[in-house]
Amino acid sequence: MRAKELMDKEFVYLNCDDNIIEVSKVMEEIRRFTCPVVNDNKQLVGWITSFDITRGLREGNEKISEIMSGYEEIATVHEMDPARKAVILTANNKFVTVPVVNDDNQVIGMIRACDIVELLSDLYDVKVYKLYEAMQHQLKGVTWDELMSASALVSKKTTGVKISAEEYEENIMNSTFGEAIWATGGLEKFFAGLISVGEMVIARRVGKARK
């Protein structure tokens, strides 16, 4: 997923000469805590937060240019960057919003923390078998039965509990991605398990081919 696929195209931008009092009213009305500041070509030149507005009102400033953060202080993502870059920026720096820019440094969208949470929530509800279908597609020529058989073997090696391919298939049909992460002990362990399944399938195929 690219940043442009995750961004919100509906956003409000400000200009350097905008009046702080008027901006405070707009931000309150639209319930936004951050806004980009752009020039006449919609190129990013600054950044405003609700904290900046509060400070500006307290100190008697009039224009946005007097209180905004400069361009060099702003973390951005390009529209073609992987969406995960915005996720990492948000998590590591506790950003509420990350602006998305194009090749001309024009602001074309916003990626908000709430959008990321919503995306992850949707992902957690994906059925596990969908991930296995994607794996089967990548492992050209591998059948579903081969995949389930290899998965059952990997599961036995990991947990020490014997499980049939049919039982394993039933489990993934009824489980969500979020449930699987909790059950396996984390995201890293879950995907390590998927990799082990892929390696097992390939190894078994190679073994059969040599017989």
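Begin by selecting Glu-59 and Arg-55, whose side chains meet in a salt bridge with an N to O distance of 4.0 Å, a salt bridge being a side-chain nitrogen of Lys or Arg within 4 Å of a carboxyl oxygen of Asp or Glu. Before going further, note that this is a predicted model, in which local features need pLDDT of at least 70 and side-chain atom pairs count only at pLDDT 80 or more, whereas totals for chains, interfaces and linings use all residues. Residues are numbered from 1 along each chain as its sequence is written, and side-chain values use heavy atoms, with hydrogens and water left out.

Glu-59 and Arg-55 are four residues apart in helix 3, and are therefore separated by about one helical turn; helices here are DSSP runs of H or I with at least four residues, numbered from the N terminus. With the three residues displayed together, you see Asp-52, Arg-55 and Glu-59 linked in a network of salt bridges.

Which of these residues is buried and which is partly exposed? Asp-52 is buried, with a relative accessible area of 10%, while Arg-55 is partly exposed at 27%; buried means under 20% relative accessible area, exposed over 50%, and partly exposed in between, with a 1.4 Å probe and protein chains only.

## A further salt bridge

Lys-85 is partly exposed, with a relative accessible area of 37%, whereas Asp-81 is buried, with a relative accessible area of 18%. A search of the whole structure finds six salt bridges.

## Where helix 6 crosses helix 8

Select helix 6 (residues 128-138) and helix 8 (residues 165-174), whose axes come within 6 Å and cross at roughly 115°; the axes are lines fitted to C-alpha atoms, for helices over the stretch in contact, and angles run from 0 to 180 degrees between N-to-C directions. That makes helix 6 roughly perpendicular to helix 8, a term that covers angles of 65 to 115 degrees.

Show the side chains where Val-128, Tyr-129 and Tyr-132 in helix 6 meet Tyr-168, Ile-172 and Met-173 in helix 8, contact meaning heavy atoms within 4.5 Å.

## Aromatic pairs

The structure has three aromatic pairs, counted where rings of Phe, Tyr and Trp (its six-membered ring) have centres within 6.5 Å, with planes under 30 degrees apart taken as stacked, over 60 as edge-to-face and the rest as tilted. One of them joins Phe-11 and Tyr-13, with ring centres 6.2 Å apart and planes at 55°, so this pair is tilted. Tyr-13 is partly exposed, with a relative accessible area of 34%.

Return to Tyr-132 and Tyr-168, whose ring centres lie 6.0 Å apart with planes at 70°, so the pair is edge-to-face. Since Tyr-132 lies in helix 6 and Tyr-168 in helix 8, the pair ties together parts that are 36 residues apart in sequence. Tyr-132 is buried at 3% relative accessibility, and Tyr-168 is buried with a relative accessible area of 14%.

Conventions. Helices (H or I, at least four residues) and strands (E, at least two) are DSSP runs, numbered from the N terminus. Angles under 35 degrees count as roughly parallel, over 145 as roughly antiparallel, 65 to 115 as roughly perpendicular and the rest as oblique.
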